[in-house]
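Thank you all for making the time this morning.

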Amino acid sequence: MMGVVWSLLGILSGAFIAIQAPINSQLARGLGLPVAAAAFSFLSGAIVLGIISVAVVRLNDISLDWKAPAPWLFVVGGMLGGFYVTLSTILTPRIGAAALMAFLVAGQLLAGMLIDRVGFLGVAVREISLGRIAGAVLLLAGALLVRLY
């Protein structure tokens, strides 16, 4: 049962990404700069997540262990998100939301396969099989079809 719930939440999360891209593109048009739109998007998200984090810490009487993660993880994760949001803001009006989402999913799959293959940051190692390659090729073909037709 929980597997279905987690899957549905994953679909909902993907829908949020699709909705966020045109919102940020509209914000970029209004501000005149995609990077500024990405910055405001991140700022608003950081404020909301900060409030939620403080509430969860207080409700569960826990403390955050700021020494646990490697220091570079604090910066790199945010940088990658910043690039994603900025590029999505730039690309949405140029190639459309559906094509952008198709290419995003294809890029996520390819990166995910590489992450699985090398066991990046403790991810369980999984071989790149013929089935996985076929799935990636089909997904890339689908992304191209969405973009071109």
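What you are looking at is a predicted model, and I would like to begin on the outside, where Leu64, Trp66, Phe74, Val75, Met79, Leu80, Phe83, Leu87 and Leu91 form a nonpolar patch with about 960 Å² of accessible area together. One of these residues, Met79, lies in helix H3, which covers residues 71-95, and with a relative accessible area of 44% Met79 is partly exposed, because that class takes in the values between 20% and 50%.

If we leave aside residues up to four places away in sequence, Thr86 touches Val35 and Ala38.

Helix H3 also has a helix partner that I would like you to see, namely H1, made of residues 2-31, and the two pack at an angle of about 80°, with their axes 8 Å apart. H1 and H3 are therefore roughly perpendicular to each other, since angles of 65 to 115 degrees are classed in that way. On the H1 side, the contact is made by Ile17, Gln20, Ala21, Pro22, Asn24, Ser25, Ala28 and Arg29, while H3 contributes Tyr84, Val85, Ser88, Thr89, Thr92 and Pro93.

Let me now turn to helix H5, residues 130-148, where we find Leu138. Leu138 is exposed, with a relative accessible area of 64%, and its C-alpha lies 9.4 Å from that of Ala106, although 32 residues separate Leu138 and Ala106 in sequence.

Finally, a word on the chain as a whole. How many helices and strands does the protein chain have? There are five helices and zero strands, so that, read from the N terminus on, the elements run α-α-α-α-α. The C-alpha trace spans about 50 × 45 × 35 Å along its principal axes. Of the 149 residues, 17% count as buried, and the accessible surface of the chain comes to about 10600 Å², with 76% of it belonging to carbon and sulfur atoms. As for the contacts with a separation of 6 or more, 60% of them are accounted for by residues 24 or more positions apart.

Key
Residues are numbered from 1 along each chain as its sequence is written. This is a predicted model: local features need pLDDT of at least 70, side-chain atom pairs count only at pLDDT 80 or more; totals for chains, interfaces and linings use all residues. Side-chain values use heavy atoms; hydrogens and water are left out. Patches are made of residues with over 30% relative accessible area and no salt bridge: like charges are joined within 9 Å, nonpolar side chains (Val, Leu, Ile, Met, Phe, Trp, Tyr) within 5 Å. Accessible areas come from the Shrake-Rupley method with a 1.4 Å probe; for residues, only the protein chains shown count as cover. A salt bridge is a side-chain nitrogen of Lys or Arg within 4 Å of a carboxyl oxygen of Asp or Glu. Helices (H or I, at least four residues) and strands (E, at least two) are DSSP runs, numbered from the N terminus. Buried means under 20% relative accessible area, exposed over 50%, partly exposed in between (1.4 Å probe, protein chains only). Contact means heavy atoms within 4.5 Å. Axes are lines fitted to C-alpha atoms, for helices over the stretch in contact, and angles run from 0 to 180 degrees between N-to-C directions. Angles under 35 degrees count as roughly parallel, over 145 as roughly antiparallel, 65 to 115 as roughly perpendicular and the rest as oblique.
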